[in-house]
Every structure is written in structure tokens, then in C-alpha cells.
Amino acid sequence: MRLAAEIAGVTFPSCIINASGPLCTTFEELKALGHSASGAIVTKSMTKEARAGNPEPRYYEFPQGSLNSMGLPNLGYQKYAEFIPRLKEFGKPIIASVAGMNGHEYEEIAGYISSKGPDLIEINLSCPNIIGKPQLGYDWEASEAVLKTVRPLVSQPLGVKLPPYFDPIHQEVMAGVLKRARIDFVVVINSVGNALIIDPDTEQVVIRPKDGFGGLGGACIKPVALANVRAFYQLLSEEMPIIGVGGIVSGVDAFEHLLAGASAVAVGTAFAKEGLGIFQRLGEELGQLLKQKGYSSAQGVIGKLRVMDD
Ligand code: RRO
């Protein structure tokens, strides 16, 4: 079965890749992704300075998903600038994920990291866990300003990682921003920000930062992810391919993201829970499902979702 994907002219050997977030911060972790069946190596979002992240406990798993308030722990962009040329030997696309604390940092990081030759760059506009900082993706003007200044500094395909939106007008406004900023691909969705999980036994929150509020991920967010993939596909399919993220635990979940309009899918919480073998398993499950259904490639499924007649 042909599981390859194409994003903005870059070929991915598999349409199933890691999401920026879990297990992609250190060189060892990135190399392990190189050896795995992941169709790409996606880095943790990088900031100007190295960050230790928020106080622990900051990650909580439960059967339907995860809650995190990691706070952008990463080694700082200079380190990823060293790693990227050394990760080229794996022969699969490298996506550098960039997160600034302000517009100037996005510019500095994206411009420099571009010169180190990643295959694509993702601008993260949607981290929900920086104490005192709102998610940029909910501020249209600020998003447009950052993307328009970064665009000319980057020679690779430039993508944007967005937060979930819950009303069509918000997806429409953001689609306009992405078009005007000449963005090449879209990654939806980041975790559902500022969710709260309560332990009724201890009568306590489950993570320390922000009094327990954090980003919700995993199986329980799949319907929100599919809705955002579909909405952006309807708005942008001609211009910008989509990487679908949110709730992918099985080959069927990946298939649903493709139907909704994703060209590739990225796995976060389920990768954190299951480890590197998940990319092989999901590839096998998706391959079998496509065969059963008579598809000859993953690409043939993109956007094929059917709606009901009026
Ligand atoms: O590090 C984090 O707390 C984090 C980031 Br940068 C992000 O984009 N999404 C998320 O759920 N956590």
C-alpha cells in the first residue's frame, strides 16, 4: 500500500508522522524518530533560549487522552540548528517547529533555522501553557503580523500550527490571514487549551502549573480535530495541504483525518503513551484498512468525506 504523502512539494515516505511535543526534544529522541517508521522528524517547538518548562507534575495521562502544561521545555534554537544537518542522514523530511515569546523571537529563530536546511518550518501559534501569555492563534492581527514578517525570512515551505477553533467565522478569518501571509501548509489542531481535570478522590487538580489548567490531547479531542481539518480543507484545499493532529490512536483514526482533508497525520498523545512502535502499527492498520476498502493509496482518500443530501 502506498502510504506516502506530499506536503508543499516535499515527499514524506509515510503520511503518519510525530506531532511536535512528546519525545522530540533531545538529539537522542530525534535520532530515534529517524530510525522509526515516522514519515518525518518533527522537532519540539524551539524558543530563543533553552527552557526548563513549567514545574512538575505537568503531564497527566488518562484512558481517553492527556492533559499537559509542559511550558515549552526545549534546548533553545541554537542546539536544533546543530542537530538538523546531522539528522539529514535519515533521508526523511525534517520539520523544525518554532515558537517565540514575541514577534522578534519568531523572526530570529525562523530566519536562522531556515539557513540550517530543514525541509519545512512550522510556526507554532498555539501553545496554551506559557504563564501570562495568550495563544497567538486567537489574535488575528498579531498572527498576521508575525507570519508576514517571518515569511520572507524562510526559504522552505512555511506552515502554521493552529489552536482549535469552535466557530466557522474564526476558521474563515484565520484562513484569510494564512492566504495573505502566503503560508504553504496548515497543522491542526494543537491541544485544546486550558482544560481542567479534577481528581474527585483527592479533590485536587492533576497538574501543578496554572492551578491545573492545561492542554487536552488524545482520543477525546478527535471530533474537534476532525472538524478543524474539515473546515480548513473546505477553505484552503486548493492552496494549502493540511497535517491533521488530534486523537489518532488507530489506523481508523488516521483514515478519518484523511477523509476530512488531511494530507498527512501527526501523533502526539498516543506516541507518548505507546512509544516509537506506534508509527509501524498505525501504518500497518491504515494500509490494511485502505486495502479492504479498495483504495490504492493514502493520497486517494484525502478530502473524500461524503455529506448527506438535503
Ligand atoms: O510545551 C507545551 O506546554 C506545549 C506546547 Br509548546 C504546545 O504547542 N502545545 C501543548 O499542548 N503544550
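1. The largest pocket. The largest pocket holds about 800 Å³ of space. A pocket is an open set of points on a 1 Å grid over the protein atoms alone, with protein on both sides within 12 Å along at least five of seven lines. Its volume is the space filled by probe spheres set on the points, and grid points are joined across faces, edges and corners.

2. What you are looking at. This is a predicted model: local features need pLDDT of at least 70, side-chain atom pairs count only at pLDDT 80 or more, and totals for chains, interfaces and linings use all residues. Residues are numbered from 1 along each chain as its sequence is written, and side-chain values use heavy atoms, with hydrogens and water left out.

3. The lining of that pocket. Lining residues have an atom within 4 Å of a point. The largest pocket has 45 of them. S20, G21, P22, N68 and G268 lie nearest its centre. By class, the lining has 21 nonpolar, 20 polar and four charged residues. Here Ala, Val, Leu, Ile, Met, Phe, Trp, Tyr, Cys and Pro count as nonpolar, Asp, Glu, Lys and Arg as charged, and the others, Gly among them, as polar.

4. β6 (65–68), β14 (213–217), β16 (264–267) and α8 (269–274) each give at least two residues to the lining of the largest pocket. α8 gives the most, with five residues. Helices (H or I, at least four residues) and strands (E, at least two) are DSSP runs, numbered from the N terminus.

5. The ligand. Where does the ligand sit? The ligand is in the largest pocket; "sits" means that more than half of its atoms lie within 2 Å of the pocket's grid points. Around the ligand are K44, N68, M70, G71, L72, P73, N124, C127, P128, N129, N190 and S191.

6. A polar contact is a pair of N or O atoms within 3.5 Å. The side chain of N129 has an N or O atom 2.8 Å from an oxygen atom of the ligand. N190 places a polar side-chain atom 2.8 Å from a ligand nitrogen atom. For S191, a polar side-chain atom is 2.7 Å from an oxygen atom of the ligand. Taken alone, the ligand exposes 320 Å², and the protein buries 92% of that. Accessible areas come from the Shrake-Rupley method with a 1.4 Å probe.

7. The second largest pocket. Its volume is about 230 Å³. It is lined by 17 residues, and G100, Y106, K133, P134 and L136 are the closest to its centre. The lining divides into 10 nonpolar, six polar and one charged residues.

8. A cavity is a set of points where a 1.4 Å probe fits but cannot get out. How many cavities of 30 Å³ or more are there? The count is one. The largest cavity has a volume of about 50 Å³. I17, N18, A19, S20, V42, I95, E122, V187, I243, V245 and A266 line it. By class, eight are nonpolar, two polar and one charged.

9. Backbone points to check. The peptide bond between E56 and P57 is cis, with omega about -5 degrees. P57 is in the loop between β4 (41–42) and β5 (59–62). V188 and I189 are also joined by a cis peptide bond, with omega near 10 degrees. I189 is in the loop between β10 (185–188) and β11 (192–196). A8 is not a glycine, yet has a positive phi of about 50 degrees. A8 is in the loop between β1 (5–7) and β2 (10–12).

Methods
Near = heavy atom within 4 Å. Polar contact = N/O pair within 3.5 Å; in protein donor to acceptor, adjacent residues only side chain to side chain.
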